[in-house]
Amino acid sequence: MTSKTNQDPKAFEPHTAESYWYVLVLTVAIKKRSRVPGVMITQYVEEMPAGKTTPDFTRKPMSVTAQEGKKGFFKAMVSGEPAPTVTWGRNKGEVDDPQIYKSRYDERAQEHILEILKIKPDQADTYKCIATNEYGMAVCTAALKVIEVGLKKKAQAANANEAPQDFRRMLKKTVVVPRKKKLPPKTEGEIDPKLLELLINAPKKDYEKICADFGVFDFRWLLKRLNQLKKERADEQAKVVEQLENVKQIEVKPNGRAEFSLDMKLQDPNSAINLYKDGESVPYGDDENSKHSLKKTGTKYVFSIKDPQPEDAGFYQLDVEDANVLATDFQVPDVDFIAKIKDVKAFESEDAIFQCVLSTPLNRITWSKEDSSLEHGDKYEITVSEDKLIHTLRVKDCKIADDGAYYAIAGITTSSASLKVEDCGVQFVSGLSDTVANVGERAELSCKLSSETSDGRWYKDGKLLTNEDGVTIIKDGACHRLIIDCCKKDDAAVYRFEAEGRKSEATLHIQDPPKIDADALGKFTKPIIIKAGENAEWKLPFSGGAPMNIQWYKDDDELLPALNVKIETSATESKLRLVKCQRKDGGEVKIKIKNEFGTTEAISKLIVLGYPGSPTAPKVVSAFKDCINLTWCPPCDTGGTKIVGYNLEKNKKGTNYWSLVNQGGPITDTKFAVEDVIEGAAYEFRVSAINLSGAGHPSLPCDTVIARDPMKPPGKVTDLKLTSSNYTTFSLAWTKPKEIKGVEDEAQGYYVEIRPIENLEWTRCNAIPIPLTSYNVHGLKAMATYWVRVIATNYGGDGEPQGFDNYIIAMPPPVKPNFKDRKMKTFVVVRSGNTVRLNINFEASPVPQISWLKDGIPVAKHVTITNSDKGSQLLIPTSERSDSGIYTIMVKNIVGQASINVEIRVTDDPKPPGPVELEQNTPGTVTLSWTPSPDEKRDDRLHYMVSKRDSFKHTWRTVADNLFNNKFTIINILPGREYNFRVFAKNDIGPSPPSESPMFGTKKEKGKFKVNMPETKSFDFQSPPSFIVPLKRRTAPQGYECYISCAVKGDPAPRVTWYHNNISLNTNTNYHITNVCGVCSLLILRVGPTYDGEYKVVIENKLGTSESSMTLNVRE
């Protein structure tokens, strides 16, 4: 879209805000879209020279909020060739005072900077950044907000606080005016009451626009409440209004008046109509020159505000009597046009674009043509940039009727421009389109003009075409067609249609896909039938554009040249030959012919005749002593031809010879009666199919059949009994039924059937009859209840079933609970903190219920109980003294119950008693007393032990144990000796460290002591070695240790040697040999079979030798 003037765009070099606005109005302006939102680009020239570009922002300045007295910065980065010049401006003032504003360029950061040296409140404004070069201009805006501080802010707050006092004084002087109850103020988290009031009377198409003004973008959640309010409002309105429609919200019109309107028919024409602004009554008249006026035409009411100003903004409500019929919110934003809309010229059917730039972001503005507001739709497209500054109106598919003035209204500010639509003459409603046609087919090119009277011409590669050039040219009103009945390759060209200077071109592409002659295709599709071992051949001619790609397939698998596959292909024909075909080679044969224009396929079939497959094994229908009747099913594979008959063979059991039964020729049916049999002989039969190629492989033989007359089913089994059972198995036994000639024949096998008590159907346990009269039924569910029966059978059929009178439970025979371990401990001592583990084994059937008690109550939660059908385990992972007590296990089932008690004592090493005191009341005795051990109160089994040591023997000897008091008198205290005493605290773990007494002693008067020493005589103690205790015969279990010992004497001490089967063991590390004070020991750590045999000990010294032997038996 272009707007032209007679001005030279290079004559204007904007350096100030004034020059910028001048250029914006007078220059040639081709508007372009920037990649950066909020940037408006104007191009000065219609054609841009190569390598040159218009200015643009790579980073636009950002809005700034700064504190009063601080510095503020706007920074921008621009691009363009040649490099653009950057200037700065503002809406409400100049930026040329160097004492206040300073602009510079930072080469390192490549940024253009506007610095505001000391920010003041009056500098809050919208600032512009303009980048220009000789080819265009780019403009963007940014806002500066100032935070006021200091005394001014406090003064303003003080004035604000005083305002209500002044207002109260003014109330005494003002005239009371009628008031309407104000809407409640908006509260946090609630819907703004104004929004609901506006939506109640607004049409649904305006919901989204009204909600967007209040920042609500998803209003579906309030529709339910809105519908309820609309119904209540409609009930109120129905009292005074007969009809209400076409409600339009307030908007500023091009004539400068703010108007809102509605169509309304009153119940009573004399009803009072009141207008309110923010709850206060607004007087109005019928004169258009008054500030507020009402114009009524029929049922249409138009309210208008002349020359609206910012103070006219407010929430307006229109009431009929006391019923509200309209609510509208008149907002007057502080906004101006940075760039106004421009006059536009457009040709008919083109789009025209109006665009403006605002100083302040707005969600929407009003677009009007003359007095009619424009809405976004099929005719008009209204868009807003992301930063809400650039607003665009696109008039689609311009017509002459679209001529006129268009208005952009932002708040109460208006910008206008005109649209001039020029008639461009005839045009293409639809032009030519590229077309593809095959050789020999019909092709058609067509277009449609805007005029039915216009004629045109057709061209092929620039050459004029007529009907004499082998084409058909047709004009049907505004439609023009060019038809080629039979396309050839040279018809491919660029075709053009011209009419009154208008042109439309299209390309006709001629393709030559593969084609197959119909007669050749008919021959190819006929199946080829051959015998196994013969060759099969296919040949198919074709035509089409080269190059051709030929592929052969067999059952969708591509065939490639091989020993048995031969493929020959020329430009017009392809051959396939399969050599020595077998039955498996039969199937679908396909050829695929492909070139750049398309693909075609042809399918044939190969049938290879061969020998037929095997029929099913013959089935015995009936057997007699002189005849056996058989039947079978035909083979699935017939060999490709019809089955003409069957050969039946027989084999007498015990021989390897198969003889043909049908000596007179093939059997044409699938059943046959064999009469050449010997009574009592056993036979097998097999059958083979015959087709035109011959007989195929024989089938599997049938089951052995005996040539004899049919048997009678056997009778019932007798003496059926249950021999044993457990949770998964029954063991049954019975007696063979008796044979009764002519009534019940001999039983040849038996079936066992079971039925769970909850089911109605019997299940056969054995698929094949068992010849024995016993059977084990497996896979039962523990404690499930079953009915069981046995059926005798023979060739004549099944006999009558014989079952038990009562059901059987899958469980072992009933056993009353009893405990198996006779050596089980009933008293267990555990050190505190250690694990307590009790394993109790028992026998019981059925599976019993197991419960554990501690001192008569259930065990605590930290005690883990693990049960099985043969035992139970009690586990306390970390024991405490509180776990001490008597634990009882109770085992109970339907037969009876048993219980056993185990006392568990959890304790720890006892603490020693207190100091020991000595007292002598009687000569020769001493009384010990001590302070009790701290553990005495919490361990009822704690007792004390006393030991003494005298200065004569120097060894400690226990003088008292199991003392449950804290005093003990020791007798036999000899004078002249010194005594020491110890007192131990003892419990089930062991003794504590001792508490020692002070030394105790009595003085003895010394007398003269005379020792008479006898005369000494020398004595020889040497002796030969001998056994005090010889070796003894031992028997040891395999896997356990074995200990063998004997006692010897001799002086000097004899040397001891151990032997096993006369082999010395003294150096064998598998044995542990010791000799302590004449006690000689040999330890076998793990007895095995190799340790069986004779063991011998040989002792020797210088005076002689002695030996002792024994035999060790190893038991498995």
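## Strands side by side

Two strands count as paired if DSSP finds at least two bridges between them. Strands themselves are DSSP runs of E with at least two residues, while helices are runs of H or I with at least four, and both are numbered from the N terminus. With that in hand, look at Lys369, which stands opposite Ser372 in β23. The strand β22 (residues 366-369) pairs with β23 in the antiparallel sense, over two bridges. Strands of a sheet pair through backbone hydrogen bonds, either parallel or antiparallel.

These two strands belong to an open sheet of five, in the order β20-β27-β26-β22-β23, with mixed pairing. At the edges stand β20 (344-347) and β23 (372-373); each has a single partner strand, so one side of each is left without a neighbour in the sheet.

## About the model

This is a predicted model, in which local features need pLDDT of at least 70, side-chain atom pairs count only at pLDDT 80 or more, and totals for chains, interfaces and linings use all residues. Residues are numbered from 1 along each chain as its sequence is written, and side-chain values use heavy atoms, with hydrogens and water left out.

## A covered helix

Which residues of α3 are buried? Here, buried means under 20% relative accessible area, exposed means over 50%, and partly exposed is in between (1.4 Å probe, protein chains only). In α3 the buried residues are Pro193, Leu195, Leu196, Glu197, Leu198, Leu199, Ile200 and Asn201. That makes eight of the nine residues in this helix (residues 193-201), so it is mostly covered. Their cover includes the helices α4 (207-213) and α5 (223-237), along with the strands β11 (241-252), β17 (314-320) and β18 (323-330).

## Charged partners

Side chains of opposite charge can pair when their charged atoms come close. A salt bridge is counted when a side-chain nitrogen of Lys or Arg is within 4 Å of a carboxyl oxygen of Asp or Glu, and the count comes to 49 salt bridges. One of them joins Arg394 to Asp351, with the closest N and O atoms 3.6 Å apart. This pair links distant parts of the chain, 43 residues apart: Arg394 is in strand β25 (residues 390-395), and Asp351 is in the loop between β20 and β21 (352-358). Arg394 is partly exposed at 27% relative accessible area, and Asp351 is partly exposed at 35%.

Another salt bridge brings together the side chains of Asp512 and Lys489 (3.7 Å, N to O). Asp512 lies in the loop between β36 (502-511) and α6 (518-525) and Lys489 in the loop between β34 (479-484) and β35 (493-499), so the pair ties together parts that are 23 residues apart in sequence. Elsewhere, Glu903, Arg905, Asp939, Asp940, Arg941 and Asp988 are linked in a network of salt bridges.

Cys479 is in no disulfide; its nearest cysteine sulfur, that of Cys447, is 8.3 Å away. Cys479 is partly exposed, with a relative accessible area of 32%. For Cys627, the closest cysteine sulfur is in Cys702, 14 Å away, which is too far for a bond. Cys627 is buried, at 14% relative accessible area.

Terms used:
Contact = heavy atoms within 4.5 Å. Disulfide = S-S within 2.5 Å.
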